[in-house]
Amino acid sequence: MRNLPNPPMGDGNTAVNGTVGTGQKHESAHKHVSGEALYVDDQLLPIDGLHAYVGLSTVSRGLIKRLDLSAVRAAEGVVSILTLDDISGHRDIGPVFPGDPIMVNEGDEVQFHGQVLFAVAATSYKLARKAAALAEVEYESLEPSVTIEQGLDQQNFVRPSHTQQRGSAQKVIDQSPQRLEGDFRIGGQEHMYLEGQASLCVPAEDGGMLVYCSTQNPTEGQKLVAEVLDIPMNLVTVDTRRMGGGFGGKETNANQWACLAALLAHKTGRAVKIRLARADDMKATGKRHHFLSQYKVGFNDHGGILGLDMSLSGGCGNSPDLSDAIVDRAMFHSDNAYYLPNVRVIGHRVKTNTVSNTAFRGFGGPQGVLAIEHIIDRIARAVGRDPLDVRKENFYTDEGERNTTHYGQKIEQHIIADLVERLEKTSNYRQRRKQIEAFNQTSPILKKGLALTPVKFGISFTVQHLNQAGALIHIYTDGSIHLNHGGTEMGQGLFTKVAQVVASEFQVHVDSIHCSATRTDKVPNTSPTAASSGTDLNGMAAKDAAIKIKQRMVNFACEHFLIKSDKVKFCSGEVIAGDQHFSFSEFVQLAYMNRVSLSATGYYKTPKIHYDREKAKGQPFFYFANGAAVSEVLVDTLTGENKLLRTDICQDVGKSLNPAIDIGQIEGAFIQGMGWLTTEELVWDDQGRLLTTGPASYKIPAIGDAPTEFNVELLPDSPNAEATIYHSKAVGEPPLMLGISVWSALCDAVASLRNHKLSPLLDAPATPERILKACNELRARAM
Amino acid sequence: MVKFLLNQSATVIDQIDPNTTVLDYLREHLYRTGTKEGCASGDCGACTVVIAEAEGDKLTYRSANACITAVGSLHGKQLITAEDLKHNNQLHPVQQTMVDCDGSQCGFCTPGFIMSMFALRKNSQTSDPHKTIESLGGNLCRCTGYRPIVDAAEKMYEVPCEDHFSRSEKKVVEALNTINKEQPEVALSNAGKHFFSPASVADLANLLLEYPQAKLLAGGTDLCLEFTQFLRDAEVLIYTGRVRDMAQVKLTDQYLELGAAVTYSQSKDALVDLYPDLHELIERLGSLQIRNQGTIAGNVGNASPIGDMPPVLIALNAQLLLRKGEQTRLVAVEDYFVKYKVTVLQTSEFIEKIIIPRPEAQQLFRTYKISKRLEDDISATCGAFSLQIDQGKVSDIRIAFGGMAEIPKRAQHCERAILNQPWNKQTIELAASELAKDFTPITDFRASAEYRLSVSQNMLHRLFLELEQPTIQPVRITQYA
């Protein structure tokens, strides 16, 4: 470059838009609405590209006696077939522990219905699918273990159990004035990302592979593709521009399809795309863990918990995947916002012959929170108090021991009590409670219910080393900024927020920043975009990179203009050096001409966190995000059908980086949480075959299920006490658990049939059928 | 060949597999990837496109699921996708409002929502929350929780409806009329597979005689799943949508006659006029995209045990006009179903029209649909009740259920317990217990046998409460929606 570009017109000394704290629009919004935003399947395949598809097992457990692929091979359009025999590299793609064979072969044991037996590449998507259906497979059937109860009976676990305790729960429970015990079942959840799993692999020079993948975890995809191909990681690049939804379902579950396509691309020397049809996606990929909570609780006459003995058994499916950490997180959240003076929590990772369950927004946390909220509701009815009052009775406070969790973490910022107080007022809880009681007395069939439930959610990966991130910033000589970081965009607005951070650092318009696809050759060794950590980690890393470049620019200005560093300012699209004003791009050009490096990497690691698993004590979380929701429902006691009438939410997001995006996360998470606990029911038959394999049978909330009145507030004036990015708080997962208010309100409506003196038996999800059953059981139950 | 407008461009398709869906045609043949595949079964709406048809000198815009629309059915219509809305590099007001309201997160469902909203905007001048829900109930979003989308669907009315579509409406109508006047043989053939689109009942009847194995394609909302979900292509498809005589909704002194090609959307007003309680059922039946494509005759014809219209038609004592060649016969809907997915329909015979009696002066009609989700869900069970009460006694009653047996059928024991009995609680109690003799429902992923029976019995209680005068309190949650 011998001469420099003309600085863009209108650059400099203008109001800077899109810095942190503003409701900057999602960076792709204008492309979403016009259909121009490209997802993996929208990318054009190279001219000789192939389409891959997989053959899935049709039994949930059995020995493969014969795998005859001759008809597949002979089918129209088929170019290549892949079985386990073709793989010279690693054959197990388990993300943390082994147990996830990429395929199973003749002679192997099938572990779940929908397990991959082989893959085929053909000239079209339809031909590949048709060919895959032609395999002849003979099994010797083995008895599958399908339910959590079966797995518990057989002590069949994918990982060892773990216990957290404080005090002596059993002894205290035995001596408590009041006691309850019970079993409570919590259903799983299908991610139902609108864009199914998809990968496109293009062979590169030196035996390498370029992988376009809809994944939350490009680095893990890179590592596994390298391993199955038996090549070094530096020959594999994973590129993820955006996902059509992830929710945890593409944290580890995107890897297998990328690996299979890469193997076929390697074998044929041609680009290969793979995309799962919805029904196969639902059969072959993991879901939220279903749980069985078994508990004994002792409490005083006000409903104050004295002792809790709880066992949380997560249905993990056939392999460990991430279940160790998921059941841990359920245990870490079995207190929710409540101080449990004497407690023992045991977490079991139960093995079943079903697809291996995986990450899903909240990562076990929601199940732990629901388990304790169910107990609180029961206690309230047992002592005859409004459940809200029993919740308040049990909140953590800053008094003595009451500020410490059962795993030994001290709660630094006590937000819940005030937040709940505020929401109670703004939602008019007490008055509505009375109105609802009056309504229920005169309404013969329809009954209303009301509930306020809080959430305290720990932020950080509980696996310590994942709490790090990198970023890369280039500034070009026209003043435009190229941003890249290790986080992936799945709709949560991460790219927008990180661009806002960079815009704020340089004090430039956010539109001058381009955030490009997440790529393993730009920022290496990244963690999955998960655990609500995307902005906390990548925002800080990008800030670090921006500060490095800024510092160089400041140093240059000091030398060049012979001024002190405090005389150099970045402000309103300008760089001010002493009394000279430059537009940002003018100054960038000056720096370039004076040979200043305008590119930097940034890095961040979360401080303070540690957890000693031997002792089951530590500080696994950097901080907690808090929130609460009040929901009012209407239940048809003749059918169990119901409707959410109104929801009020107050969520603590610290100092919001982008209120519009944060509110979007809260509303979306709430509805997703509500769906998990109401209409979303995964049904397997007794042979472990999933029966709900599409949106026709698996019902996520539709537009009419959103509450008629929906008020969402970000808790004002509550910056994060920890030094997070601009003192904001994570928002991805915590509000999912606000959906518990709907489940609790449904219980409240049913309980109104017996004047709130008895607790309904209502497992989750509370489908109309379960609600009607609970109504009938409650009506018939003796006092 | 098949001729249509792709937005403004005259487009001819000739050599294509007739089992190709509009979605695959867009994405795989034209590389127009703005329209997304979420499920390929018409249940998520990510693939929503708008299909415009000339009616008089105007265009009617209807949303449709491209994933279950056969490409041959586009003949003589205008196909509009999300890419077409942007004009002169400016977002369409509907798109801009969606951006302004933060209505997209991951963006994958967004083009589908945009197209449903575009159709809604074209069909109404003011915002109506009920219409918004009705129009967008078939579009699933997993990210937003819908609130910003509802806001956008309200705010889009703040911008005048005038756009490049209204400016070119006249030209498009002319172009479509020209295509429709040309009357070429509308057909597709490829590798031994055929698609025919006859324009008259006689042609349809002859084609079915010639190709007795042919699959009759009406809305395609069920049949297309054969192609996309089960990969079972049809050798011969005969499309009913262009048969003029079968597209009629006719109200006579005694009957409402619905041609077999009439969609739910086209017949909704006429049905609801006669039987107001059908309003809720029709709006909960599928999604608007499905109702825009699906036909009531198709709902009867495919003989699904869980269709919602068959129990209604049985309770209303409707009849079917069946035709084979030149021969016709009338069959009562209740006699049409023989056993699971088997009907009295002979080879080459088809449903030409549905004949529904007008209500008698004293006739009471109620129908209840039970499903896991209120909108766009298949019923666990659906009951339809038609009765007349004369001086406190039930003088006539017809009760039919879907989802309770292998075919939609009448509840005869239950009816007998009510007929000629006083209309009171005791009668209802007895009738409810008699219902258990009528049906032995199954357990599946939608509901257990016990639930199906128990909610069906409870429908009788609700019926009683609703007909009791005066109604004290609403007894349906949908009355709060």
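**Domains and chain contacts in a predicted model**

Reader: Into which domains is chain A divided?

Author: The model discussed here is predicted. In chain A, domain 1 covers 49-143 + 197-275 and domain 2 covers 290-462 + 613-780. The remaining one, domain 3, is 468-605.

Reader: How many residues does the contact take from domain 1 of chain A and from domain 3 of chain A?

Author: The centres of these two domains of chain A, taken over C-alpha atoms, are separated by 39 Å. Their contact takes 18 residues from domain 1 of chain A and 14 residues from domain 3 of chain A.

Reader: Which elements give two or more residues to the side of domain 1 of chain A that touches domain 3 of chain A?

Author: By class, this side has 3 nonpolar, 10 polar and 5 charged residues. The elements of chain A that give two or more residues to it are helix 6 (218-229) and strand 11 (236-240).

Reader: Which element of chain A gives the most to the side that touches chain B?

Author: In this contact, 71 residues of chain A meet 69 residues of chain B. The side of chain A has 33 nonpolar, 23 polar and 15 charged residues. Elements giving two or more residues to this side include strand 27 (623-636), strand 28 (642-651) and helix 19 (768-780) of chain A. The most, 7 residues, comes from helix 17 of chain A.

Reader: Why is helix 17 of chain A said to be largely enclosed by the rest of the structure?

Author: A residue counts as buried if 20 or more other C-beta atoms lie within 10 Å of its own. Helix 17 of chain A is largely enclosed because its buried residues number 17 of the 19.

Key
Residues numbered from 1 in each chain as written. Chains lettered and ligands numbered in written order. Predicted model: local features only at pLDDT ≥ 70, side-chain atom pairs only at ≥ 80, totals over all residues. Domains from an automatic or database assignment. Contact = placed C-beta atoms within 7 Å. Helix = DSSP H or I, 4+ residues; strand = E, 2+ residues; numbered from the N terminus. Nonpolar A, V, L, I, M, F, W, Y, C, P; charged D, E, K, R; others polar. Buried ≥ 20, exposed ≤ 12 C-beta atoms within 10 Å, placed from the backbone.
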